[in-house]
Amino acid sequence: MAFKILVCAKQVPDTNVIKINPKTGTLIRDGVPSILNHDDNNALEEALKIKDKFDDVTVTVISMGPPQAADLLFECIAKGADEGYLVSDRAVGGSDTWATSNTLTAAIQKWEKVNGKADLIFAGRQAIDGDTAQVGPQIAEKLHLPQVTYVEEFEISEDKKEVTVKRQLEDGYELIKVKTPCMLTTIKELNTPRYMSMKGIFGDKKITVWNAKDIEVDLNTVGVKASPTNVFRSFTPAPKAPGQKVAGDTENDQAKNLLVALKGKHII
């Protein structure tokens, strides 16, 4: 029986060229290229590394978004994933993290009805257009799965019944062993994502598109009206003032000059 891995991925605007409408406080998406979310790319890479190591592994990518989000599924398959599923429906548009996790949980459950329970679920730590790091843990809770977040190192046992992960903390790390099935959210330090292969680009791509009815999700739990999160304001932060270099031949001279500079600014 195949070891089944699911990867939750999101198509996001390239934040290198993103702008915010000063009047509405919303992201200006027109003309902004969309990309595979960075942390999700690391999640996919780790799943593909497991597939490279074992012959009985399948990798399925599940996403939610507008029809053009199918492009990221094509990219994932071109990198080595076996198939992709996209939930695309106006009914789920505008969802916050809670409503998004409801949609993706329903999609995973729909997939599992046909294919059997997933053995391992990966997701990126957070999306670069939201930075909440909430969707992965919420999915794990709703699927009643053990979870580990901020995974920066990963190892799976030969029988694939247990994984050992190094979890990044602000002041150190944790080493955690967890039995499969489980859910892991990944960070960029975990690996270096591969490029698409020529064979993958021109090969067959199995993409399935579902709407809200297909995944049998409660419409009262998805979409903008069901989202309890309200964004008060979005804005582009003002640029920081340039720094000032304190000169001095010795550390004592530098300290004296720094003291003079601080007094001149009435800081001390």
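Mentor: What follows goes from strand order to packing helices, then to ring contacts.

This is a predicted model. Its open sheet has 9 strands, in the order 11-10-9-12-8-1-6-7-13. The pairing is mixed. Strand 11 (172-179) and strand 13 are the edges, and each pairs on one side only. On average, neighbouring strands are turned by 35° against each other, direction ignored.

Now the helices. Helix 2 (residues 70-79) packs on the sheet and touches strand 6 (57-64), strand 7 and strand 13. The direction of helix 2 makes about 165° with that of strand 7. Helix 4 (residues 135-143) also packs on the sheet. Its contacts are strand 1 (3-8), strand 8, strand 9 and strand 12 (182-186). Here the angle, taken against the direction of strand 12, is about 180°.

Next, the rings. Searching the whole structure gives 2 aromatic pairs. One is Y85 with W210, a tilted pair with 4.7 Å centre to centre and 40° between the planes. Y85 belongs to strand 7 (residues 83-87) and W210 to strand 13 (residues 207-210), so this pair ties together parts 125 residues apart in sequence.

F122 and F154 make an edge-to-face pair, with centres 5.6 Å apart and planes at 65°. F122 sits in strand 8 (residues 120-124) and F154 in strand 9 (residues 147-156), so the pair links parts 32 residues apart in sequence. F122 is buried because its relative accessible area is 0%. F154 has 15%, which is under the 20% limit, so F154 counts as buried.

Two charges also sit over rings. The charged end of K166 lies over the ring of Y173, 4.3 Å from the ring centre. The charged end of K160 sits over the ring of F54, at 4.5 Å from its centre.

Last, a helix for comparison of span. Helix 1 (residues 38-53) has 16 residues and reaches 23 Å from first C-alpha to last, close to the 22 Å expected. Its buried residues include D39, L44, L48 and I50.

Terms used: Residues are numbered from 1 along each chain as its sequence is written. This is a predicted model: local features need pLDDT of at least 70, side-chain atom pairs count only at pLDDT 80 or more; totals for chains, interfaces and linings use all residues. Side-chain values use heavy atoms; hydrogens and water are left out. Helices (H or I, at least four residues) and strands (E, at least two) are DSSP runs, numbered from the N terminus. The expected span of a helix is 1.5 Å times one less than its number of residues. Buried means under 20% relative accessible area, exposed over 50%, partly exposed in between (1.4 Å probe, protein chains only). Rings of Phe, Tyr and Trp (its six-membered ring) pair if their centres lie within 6.5 Å; planes under 30 degrees apart count as stacked, over 60 as edge-to-face and the rest as tilted. A charge sits over a ring if NZ of Lys or CZ of Arg is within 6 Å of the ring centre and within 35 degrees of the ring normal. Two strands pair if DSSP finds at least two bridges between them. Axes are lines fitted to C-alpha atoms, for helices over the stretch in contact, and angles run from 0 to 180 degrees between N-to-C directions. Contact means heavy atoms within 4.5 Å.
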